[in-house]
Amino acid sequence: MERLIADLPGWVTSTVVIAIAIAVALLVHRLAFSLGRRAAAHSKGQLDDIVIRRLYRPARWLLVAIALSFIQPGLDLGTSGTRAWAQAAGLLVPGLIGWLLVALLGVIFDWVLLRADVTVENNLRARRRRTRASILHRVIVFVVLSITFCLMLMSIPSVRSIGVTLIASAGLAALAVGAAAQPALKNLIAGIQMAFSEPIRLDDVVIVEGEWGRIEDIRLTYVVIRLWDERRLVVPVSQFLEKPFQNWTRETSQLLGSVFWYLDPAADIPRLRAKLEELVKANPRWDGRFCNLQVTDTKPEAIEVRGLMTAKDASTAFDLRCDIREGLLAYIRAEMPEALVRTRGLLDFTPRPEAASPSPSARS
């Protein structure tokens, strides 16, 4: 048997050894992750589940690469085969390491998202963590992928020699690339700055370009805003650092909502104020902080009456304002019709003079 094996061509023996090494690596990977899943099933935390899910694929191929690196010295590859092996390893090893690093970054990112629960009522700190983690995760992944790609290219001798030549003229190249990609670089730097200055966070309620919506996603170069009618507004990141916008949840989600009515100047304001307080206090959307009604302006044909009320967030404040607007209008229509705007006018009737009687000569 040993003589038969010795008589086989070198490439056949090498192929068999490579196949066995790959099979052993895959078997070890499967056994290790099977044990890991069983251990994770008996644990209360979710971090081990995240690790297994994120590292399953990169760990499998990394184990295969490690197994092949162990058997490589014993393979009969010849000069050309050894050179090709080294070339393939120079391309694959940085790629696998970069893949593993990206997976580890994904583990950290998922763990931060798990710890930052935005479903609670006071979720300001959780939204801050999620926003910062989302931006930094994308920035670091971009850097890791860039370095990995460069290492893979530098493993090619011809590309390495070209790279050395290009480094000498890196100043001019940087100027040319910077001029051509100025908008992209501007938004990229603005995205990194946003991770620390935090003018907006995920799920913030904002008004941008006259549109009301919530921050749905923050990318490196743009922000996606989910508008109230399910449309999506895509805005460059730099706009949030250069132009003014409204952020209704910057420090807290609580809001003071206002409702306006235009009524007749003869309206009984104290009576309306009492009814407003009754409607607001009976509404479950009111958070109990403040409510009031005042006359804020007078016009020739009507007075402007403003009602103020507070709610826990923007959506609740909008619904509360609609409820109070409808409720007070119904009360005015049913109980105080004299408060509805009426157009007044003064009619002055001047009697028409009687026609003068005809003269006697005219009669004749």
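Two strands are said to pair if DSSP finds at least two bridges between them. In this predicted model, strand β1 (residues 205–208) meets that criterion with strand β2 (residues 211–218), because 4 bridges join them in the antiparallel sense. Within this pair, V206 sits opposite G213 of β2. Both strands belong to an open sheet of 5 strands, ordered β4-β3-β2-β1-β5 and paired antiparallel. At its edges are β4 (232–236) and β5 (246–247), each of which pairs on one side only. Strands of a sheet pair through backbone hydrogen bonds, either parallel or antiparallel.

Another pairing involves β6 and β8, which run antiparallel and are joined by 9 bridges. Here L255 has A311 in β8 as its bridge partner. The two faces of β6 are worth a look: L255, G257, V259, W261 and L263 make up the covered face, whereas L256, S258, F260 and Y262 form the uncovered one.

The largest nonpolar core contains 26 residues, and W261, L263 and L272 have the most contacts inside it. At least two residues of this core come from each of β6 (255–263), α10 (269–282), β7 (291–298), β8 (303–311) and α11 (314–335). Helix α11 gives the largest share, 7 residues. For L263, contacts beyond its neighbours within four places in sequence are with L272, A302, I303, V305, I332, A339 and V341. Another core, of 18 residues, lies apart from the largest one and includes V139, L202, I218 and V223. In soluble globular proteins, nonpolar side chains tend to be buried together.

Notes
Residues numbered from 1 in each chain as written. Predicted model: local features only at pLDDT ≥ 70, side-chain atom pairs only at ≥ 80, totals over all residues. Heavy atoms only, no water. Core = buried A, V, L, I, M, F, W, Y, C linked by side-chain atoms within 4.5 Å. Buried < 20%, exposed > 50% of the residue type's maximum accessible area, 1.4 Å probe, protein only. Contact = heavy atoms within 4.5 Å.
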